[in-house]
Amino acid sequence: MLDKLKLEIIDKVNDVNNLEELKQVKVETLGKKGAITQLTKTMKDKSEEEKKTFGKQLHELKEYTNIILDQKEKFLLKQKIKADIEAEKIDIFLPGYEFAAGLYHPLTLVTKEIEDFFSSLGYSINEGNEVEEDKYNFEMLNIPKDHPARDMQDTFYFNAEELLRTHTSPVQVRTMENNDDKTTPVRMICPGKVYRRDEDDATHSHQFMQVEGLVVDKNISLADLKGTLELFAKKMFGDNTKVRFRPSYFPFTEPSVEVDLTCHICKGKGCSVCKNTGWIEILGAGQVHPNVIEAAGYDPNIYQGFAFGLGIERVAMLKYGIDDIRHLYNNNLGFLNQFNKVK
Amino acid sequence: MIVSYKTLGKYVDLSTTSPYELADLLTNAGLEVEQVKPFAQGSDLVIGYVVDAYKHPNSDKLTVCIVDVKDETLQICCGAANVGKDMYVIVAKPGCEMDYAKVPVIKKVELAGVESNGMICSLLELGIPEKFQTQEQINGIEVLDKEYPIGAEALSTLGFDDYILDIALTPNRSDIYSIYALAIEVAALLKQQVKEIPMKVENAKEGSYRIKIESDDCQAYCLYEFNNINSQESTNEIKNELMALGFKPRFNIVDIGNIGMVISGNPVHTFDADKLKSKEFVIKKGLEIPDFLALDDKVYQITKDDLLITNGGEVVAIAGVIGSKSSCIDENTKNVVVETADFSHVSIRNTARRLDLFSEASTRFSKITNPYTLEFPVRLFMDELNLECQGANIVGLKQYQAQAIELTHSKIEKVLGIKIPLDSCVEILESLSFKVEENSNTITVYPPSYRKDVELDVDVIEEIIRVYGYDNIEATLPLQEIIYHKLTPLQEMVRESKDILVGLGLQEIVTYQLNSKENLDLFSDDDNYKELLNPISEDRKYFRNQLLSNMINTIQYNNSYQHPNLALFEISDVYLADREDTHLAFGLTGLFEDNTWLQQIKKADFYLLKGIIFNWLERLGFSYGRVLIKPVEDDHKYLHPTRAAYLTINNKVFGVFGQVHPALAQQLKLKETYLGSIDLTQLANNVGRINKFEGLSLYPSVSRDLSLVIPNDVDASQITRLAKTGNNKLVKDVKIFDVYYGNNIEENHYSMSISLTICDDKKTLDDNTINEVVTNIINVFEKKLKVKLRQ
């Protein structure tokens, strides 16, 4: 009798197609009025002997039914999830939520990268005034009134004493001068806007940006300048970038050098960007002139150091392949849209 | 500075150094060669002889020439009017490459039915500039002046095989305006000896002139007399050299004077002795002459600061700049007086600048001349023209006394960071014509007379490393004690603000600090801008006092480039009366977010800008409540009086934002545009608060929504403030989730729905308490603001 019931249950479970039907089978077998439950109720009428064998068989059937119902349920659940996944399919290629997009100006990108690099080496970030005194812009930098070097930089004047700074170098003097203790070592950069009385064209801008660097202590040498700029070049233009010094002249440094980097486009082989030289002129630098150290109140017999001045537009133009400096100041959205990465 | 490779080669052996190698050598030694180019160009040019020439049968303009070039005879059709039989000419054979000709490669062609095998050349086609040539040369082919070997390579035969180097001189190396000084430099770099040449006028007897110097701006003045000169055209050799050096050949006296100047670096001026009225020269300042006729046939105005050379009461030259027409030499001159002098560079520079007359001579006088070698160009003049000096008058000529510069070996190492053997240092300095005395640990250095730039020990160190080679410096990093630096609150605020605003979807711009009065006036309360003395144009004459003018310029510019949707910001210093402050400007117009399948259009409006500003402030640590807003004046200059607000902190205004005033928008043809201007310097003075942790509430909060009918003269800030004040300590937040103006509302009223968040930090709220709070708020609204619940 139980064998027949077992076969019936197996057939029923096999015929089940969904979870509702399975629930129904469970009610019909193990529910209060289910076949197995009904049989359990007949136990009280059986003899002790029968109770023992029948009870055991009934228990086994109950266990067995539980197992096959369970297996079937697991199978059906799996099937349902599969069906749900299919039913809930969406087009993942539809665009996502479009947040308004804003970007840093490329000059900010380059400035940040330079500031972060020198900050990591323990440089302070100083600022000076764009409206500067003749004294700081020229005289204290070893450029007296009739010095021929004043021809190098045409200057915007407000009056005989006030001008728009032509370089960030006045911050060298101001930084040292501001130190009350003239034995305090200096390690600073100063990014900022500077001005030359040039007509704007593809390579000239009456307003542009520089970063000044200054390190002064008892033994800061030209070799230290080379090491610092080598690290800087690697950070800005890649690990294989090399640095070359060429002699040059600035009134506020002695010795003075022009600094070239291996061309990052052709890796030094020669291309149109580097005019086939393999090198790109990037900045001017040198050992701070003793007259400048002295003008700022430090003792030039004890203190020495290096300074450099870098054009930020030049770096931005090289790095991003910008062919006309005016793009940087026109702020055409079509131009600005293109600078979403530092590298 | 233009240098002829051949001229330089007269004084230093360049036989194993090509012009291009020379250029690299000089560039690496600090004399940057910007360009090297052949004086004349063309491959395989030969000397030809025109055996026969006759009219082209089919063309009026062409002549058919039969040209002997030794190995063959070429038939060439020539378009020049001046070609003819029995001429020696320059011939480009087929295959010849010519950069300056109309066709880059000469080919065998047929011209109007006649075969033509090459080209007879003009100097222009060789790349020799027009400015050096006569009109006849410019119009036709080059007719050679004499017999040359037929078939010989033309450029070398004619002396055109020179190279021109253009050196960009730094102000400290003006001595290189002398090719002889350059030769010394090159000799040092090539480890050679420079060719010694005489620099003094020897054994001249006392001349016939008297010299009176009445100005300190003239330190020395010398006159040398030469008589019976045969004034004539210079030789071809001299002419070629002059052209390579950038001068137009004229006649021998002028030409040799120019060459002497270029070699020695010291200009000479030559007077026609027969045109001088007196035997007395006075050098002085203080005259004012409105119409000085100069030798270039132009009239110049002389002012009292110009240094002048006078003779017999007449100005015969503006010292160092230009001579008079009345005393100048010409092709008929027989007797000359050659002037060489030491003038003040500053005085000459000022005069040359005022008259805009920077000639080769005044440029040299303005920068550097060597007072110790004043006779050098005169001696070159004598030797080149084979003249004897008939008399010399010399005032102020000095002997050079070199200043000693002491230098220790340890200083060299300290400055450069590398060790250079002392022997090498001495060798380098001596090769540069410095005199060196060696002591135990120091050297004493005496620079040559023309190296005025070498004054200090570091100047000498630069000379050493320049020649020793910067490539030999091994890179090191500075060793210093650690110095702690931190950014100022303003620097941090600028950095963070850029990060936040870019994150919120605004685009950063950078604009010019100089703008026009007209533009600045639009957004300024006064017109007290910093004004330039020497602007390039009216458009860039004033240093701006705010950023909004440029913001509007940028918006207009972008609108004209089909960018109607803009959300921009700029952070920059501005100049206010006596100080530089940092400002932040906003500019919004068009769509902020466009319509997509997912999103509604978000247009730029007052509330978008307000949201951006308060989100930015919140992230900087300024919560609403600390920063408050207040309405702008009814007559605000550039903002819409009812759609703009001031930002305040501690009752002080630090910014303003809102819609552009309709009148201004109309004037500027702007679409709906919103601007903001914020003084970051002032805001940064208020940072420094750190929020302390207040603990987490252990008890649940509940929210209650109210729909209110509000009289039109009551604003949102009154509602939210009132809901939180008084006995309503349990109200933690008031959120406005709907505002409705329109029908179904009582006249002069509008409707607002608010959501109250109520919470007690000490216990769980019961219904009674909640109802009490809500009722209380409703009552206060009714009583104080005449605000009712919406039915």
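Student: Between which domains of chain B does the second largest pocket lie, and why?

Tutor: The model is a predicted one, in which local features need pLDDT of at least 70, side-chain atom pairs count only at pLDDT 80 or more, and totals for chains, interfaces and linings use all residues. Residues are numbered from 1 along each chain as its sequence is written, chains are lettered from A and ligands numbered from 1 in the order in which they are written, and side-chain values use heavy atoms, with hydrogens and water left out. Rolling a probe the size of a water molecule over the atoms shows where empty space is left. A pocket is, on a 1 Å grid over the protein atoms alone, an open set of points where a 1.4 Å probe fits, with protein on both sides within 12 Å along at least five of seven lines; a cavity is a set from which the probe cannot get out, and lining residues have an atom within 4 Å of a point. Domain 5 (489-683) and domain 6 (702-789) of chain B both contribute to the lining of the second largest pocket, so this pocket lies between them. Domain bounds come from an automatic or database domain assignment.

Student: How many residues line the second largest pocket, and which lie nearest its centre?

Tutor: The lining has 38 residues, and B:Lys610, B:Tyr624, B:Ile629, B:Ala716 and B:Ser717 lie nearest the centre. Among the elements that give two or more residues are helix 17 (606-620), strand 33 (627-631) and helix 20 (716-724) of chain B; helix 17 supplies the largest share, seven residues. Helices (H or I, at least four residues) and strands (E, at least two) are DSSP runs numbered from the N terminus. The space amounts to about 1,800 Å³, a volume being the space filled by probe spheres set on grid points joined across faces, edges and corners.

Student: What is the make-up of this lining by class?

Tutor: There are 19 nonpolar, nine polar and ten charged residues. Here Ala, Val, Leu, Ile, Met, Phe, Trp, Tyr, Cys and Pro count as nonpolar, Asp, Glu, Lys and Arg as charged, and the others, Gly among them, as polar.

Student: What area is buried between chain A and chain B?

Tutor: The size of an interface is often given as the accessible area lost when the parts come together. Buried area is that loss for a 1.4 Å probe, summed over both parts. For chain A and chain B it is about 7,300 Å², with 55% given by carbon and sulfur atoms. In terms of contact (heavy atoms within 4.5 Å), 94 residues of chain A meet 79 residues of chain B.

Student: Which residues line the largest cavity?

Tutor: The lining includes A:Glu254, A:Val288, A:Tyr303, B:Lys411 and B:Val458. Strand 8 (279-288) and helix 9 (290-295) of chain A, together with helix 11 (409-416) of chain B, each give two or more residues. The volume of the largest cavity is about 100 Å³, and the structure holds five cavities of 30 Å³ or more.

Technical notes
Buried area is the accessible area (1.4 Å probe) that two parts lose on being put together, summed over both.
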